[in-house]
Amino acid sequence: MQTASTPTHCPYCALQCGMNLSPLPQGGVEVTERADFPVNRGALCGKGRTAPAVLSSGVRLTSPLVRSGGALVPASWDEALDRVAAGLSSARTGYGPDACGVFGGGGLTNEKAYSLGKFARVVLGTSQIDYNGRFCMSSAAAAGTRAFGLDRGLPFPLEDIPRTGCVILVGSNLAETMPPSLRFFGELRENGGTLIVVDPRRTKTAEQADLHLAPRPGTDLALALGLLHLVVAEGRTDEAFIQERTAGWEDARSAAMAHWPEYVERITGVSVPQLREAVRLFCEPETAMVLTARGPEQQSKGTDTVGAWINLCLATGRAGRPLSGYGCLTGQGNGQGGREHGQKADQLPGYRKLTDPAARRHVAEVWGVDPDSLPGPGRSAYELLDALGTDIRALLLMGSNPVVSAPHAAHVEERLRSLDFLAVADVVLSETAELADVVLPVTQWAEETGTTTSLEGRVLLRRRAITPPAGIRSDLEILHGLAARLGVEKGFPTDPEEVFDELRRASAGGPADYSGITYRRLAEENGVFWPCPSVLGGEPDDGEDAALDAAEADPVGEATEPDDLMGPTVHPGTPRLFLDGFATEDGRARFAAVSHRDSAEEPDAEYPLLLTTGRVVSQYQSGAQTRRVDELNAAAPGPFVELHPRLAARLGAADGDPLAVVSRRGRAVAPARVTTSIRPDTVFMPFHWPGEGRANTLTNPALDPTSRMPEFKTCAVRVEMVRP
């Protein structure tokens with residue numbers, strides 16, 4: 001048994017907090033403080049501290065399961081993998097390659113996400129692959145790419161936040177979703193800076209703000225445009241910055257000027273004096289930031305909404321400068337890396353476009369295949385799930401639980417049940433795994449080595465601390481075994497470092513260039529920010545290829561030092577983006593000419609209220625893992641309906657009374673939680689639970705036309721008392 005502590009990272013959110021795993025005498029590990037990692041400096045939330053509980057054999061899967069006589073029963077690995085290969089092969093033979101679907105997850109390591117995308121396109125030949133990160137950051141990614149030419153959640157490290165003058169935090173309750181990050185905002189205020197929080201609820205995060213704006217759900221776009229209108233009207237634009245470093249200002253300005261303050265007040269419910277105060281707080285200091293999260297992004301107009309907040313930064317010269325800029329608070333553990341290396345429907349590794357002939361040639365050469373053999377873009381996540389059982393007949397799903405997490409979840413569950421074949425690889429028997437024909441038990445973060453990329457764009461090394469139980473395999477081993485059974489004997493290594501070295505080759509020269517990053521560097525430097533090409537200041541060349549070859553020849557702990565490997569031109573990584581220019585062809589950022597529009601579903605006489613959804617501090621995403629931890633369940637035992645006292649009085653409801661929330665898609669029942677922290681026209685439900693309290697039974701799958709993000713954050717509902 002290993003006796004020394006192993007430095008690694010939390011398996012949950014995109015902070016990827018540092019932690020040490022220390023062995024226990026009776027077996028297993030405990031989490032201990034790791035103060036050297038700058039993001040959390042040893043601090044952890046309850047989820048991170050209790051993460052080893054899910055390693056227990058009484059909690060997690062320990063054997064493959066196959067369906068027999070209607071029930072899931074234990075099976076050997078050979079039988080399980082043979083069945084998966086047969087199910088995928090049957091669909092492909094009977095209906096064509098696109099009858100096979102692949103659905104990934106934002107919690108998969110970079111190595112797994114890369115291999116899953118390669119498996120879909122090389123082994124199955126299918127275009128039908130996407131992942132649950134589409135439900136998280138896709139609108140911010142689309143808006144960031146449109147404005148800056150590059151999507152990286154934060155273009156600066158978190159440590160810059162306390163040194164800026166003002167932060168507008170839009171639609172993030174990070175006090176509950178990312179508790180260790182709250183200290184950066186506390187330090188901001190201690191240093192004399194100000195915090196503005198935009199949220200329809202007075203959350204624990206909003207309680208820390210100097211100014212809280214509580215717009216009606218679905219009106220963040222109008223709010224941002226109203227603020228920009230005031231910036232122009234009050235003469236607070238940075239004309240020199242606009243002239244020298246941007247394009248498209250006149251059209252964006254004209255669109256914003258149609259959103260005068262009184263009009264925006266009527267739409268959002270945010271008063272004109274509050275709008276003016278927000279502009280003053282944002283514009284008076286020399287530096288400022290706007291950070292968005294799921295609130296403005298999970299809308300059918302999420303890309304335009306984020307674009308409007310980016311416009312505010314550009315118009316005031318608060319982008320591409322030290323201690324200023326726009327950033328997205330990526331949610332899932334590897335939500336950033338997961339969208340960079342090929343498990344998205346339209347991407348190849350290195351954040352390359354699947355439609356770009358040069359990108360196809362480069363990646364095909366790395367993979368040893370004909371570029372013409374690579375399929376084109378496929379369906380986005382919800383569209384893929386909606387096509388199950390019709391166009392898509394067999395599905396391989398890794399690291400996701402859409403029965404709980406997808407919008408219009410009852411419909412998605414029905415589509416999953418209609419498949420000819422479903423295989424799920426997961427740590428636990430999730431609600432989605434319960435529907436599968438084959439369930440494959442996989443290793444967890446403490447039992448495997450691999451890389452993730454945090455919300456800062458910092459590539460990190462998770463290290464194996466313990467040996468997994470007998471009967472468990474890694475996702476890489478599963479893909480290797482399936483590829484071999486489907487006729488591809490080579491190209492799917494099981495060693496994560498070998499996969500990462502191939503990923504480096506595939507990403508070289510792309511927007512998300514990892515080619516200068518090695519496991520050795522990650523271990524020694526506490527992570528490396530991408531882009532990080534192998535050679536400073538140039539495209540990959542023969543020298544870079546030699547460096548990559550040298551790196552691949554050395555295992556972890558024996559690798560050549562970076563300076564020895566690449567000489568004095570070793571790239572240090574890029575903690576701060578855009579200081580010398582934006583990643584567009586001409587180096588200029590692009591304004592977005594956008595205007596307010598209604599949400600896909602507005603209240604009416606039958607459904608007079610708005611529902612918004614979110615998370616609580618003691619659960620995570622679909623709850624598949626956290627709901628199996630006693631301490632977390634004691635703190636957050638189940639769903640609830642948060643409503644204002646005025647609405648409660650109209651209903652005759654008190655705390656704890658069962659309420660039914662009804663939308664056009666279904667009905668969810670949960671106890672009332674009466675509070676003045678929410679708008680009277682809005683109710684809130686957390687989305688971590690299945691069953692009758694499943695919030696996503698209600699949510700609207702209306703999609704953003706650019707990002708294909710569903711509208712999780714607002715839909716029309718009514719609330720009813722549940723009578724005994």
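Which residues does Val412 touch, not counting residues up to four places away in sequence? The list is Tyr382, Leu385, Pro402, Ala406 and Pro407, where contact means heavy atoms within 4.5 Å.

## Before you start

This is a predicted model, where local features need pLDDT of at least 70, side-chain atom pairs count only at pLDDT 80 or more, and totals for chains, interfaces and linings use all residues. Residues are numbered from 1 along each chain as its sequence is written, and side-chain values use heavy atoms, with hydrogens and water left out.

## The chain as a whole

Let's begin with the overall picture.

If you boxed up the C-alpha atoms along the principal axes, you'd need roughly 70 × 65 × 55 Å. Of the 724 residues, 65% count as buried, meaning under 20% relative accessible area, with exposed being over 50% and partly exposed in between (1.4 Å probe, protein chains only). Take the contacts between residues at least 6 apart in sequence: 75% of them join residues at least 24 apart.

## Helix H7 and its two partners

Axes here are lines fitted to C-alpha atoms, for helices over the stretch in contact, and angles run from 0 to 180 degrees between N-to-C directions. On the H7 side, the contact is made by Leu223, Leu227, Leu230 and Val231, and on the H11 side by Leu275, Arg276, Ala278, Val279 and Cys283. By class, that gives eight nonpolar, no polar and one charged residues. (Ala, Val, Leu, Ile, Met, Phe, Trp, Tyr, Cys and Pro count as nonpolar, Asp, Glu, Lys and Arg as charged, and the others, Gly among them, as polar.)

H7 also meets helix H9 (residues 249-257), with axes that come within 8 Å and cross at roughly 105 degrees. H7 and H9 are therefore roughly perpendicular to each other. Leu225, Leu228, His229 and Val232 of H7 make this contact with Trp249, Arg253, Ala256 and Met257 of H9. The classes here come to six nonpolar, one polar and one charged residues.

## Helices H3 and H19

Now for another pair. The axes of helix H3 (residues 110-124) and helix H19 (residues 475-485) come within 10 Å and cross at roughly 15 degrees. That makes H3 roughly parallel to H19. In H3, Glu111, Lys112, Ser115, Leu116, Phe119 and Val123 meet Asp475, Leu476, Leu479, Leu482 and Ala483 in H19. This contact has seven nonpolar, one polar and three charged residues.

A cis peptide bond joins Trp530 and Pro531, with omega at about 0 degrees. You'll find Pro531 in the loop between strand S21 (528-529) and helix H22 (542-552).

Gln16 has a positive phi of about 50 degrees although it is not a glycine. Look for Gln16 in the loop between strands S1 (6-9) and S2 (18-23), where its relative accessible area of 0% makes it buried. Phe578 isn't a glycine either, yet has a positive phi of about 70 degrees. The loop holding Phe578 runs between helix H23 (562-566) and strand S22 (589-590), and at 11% relative accessibility Phe578 counts as buried.

## Two residues up close

Back to Val412, which lies in helix H18 (residues 409-417). Val412 is buried, with a relative accessible area of 1%. Its C-alpha atom is separated by 9.5 Å from that of Ala387, 25 residues apart along the chain.

Ala716 sits in strand S30 (residues 715-721) and counts as buried at 0% relative accessibility. Leaving aside neighbours within four places in sequence, Ala716 is in contact with Glu601, Glu602, Pro603, Tyr607, Leu609, Val662, Ser663 and Arg664. Ala716 and Asp36 are 680 residues apart in sequence and 47 Å apart in space, C-alpha to C-alpha.

Methods
Helices (H or I, at least four residues) and strands (E, at least two) are DSSP runs, numbered from the N terminus. Angles under 35 degrees count as roughly parallel, over 145 as roughly antiparallel, 65 to 115 as roughly perpendicular and the rest as oblique.
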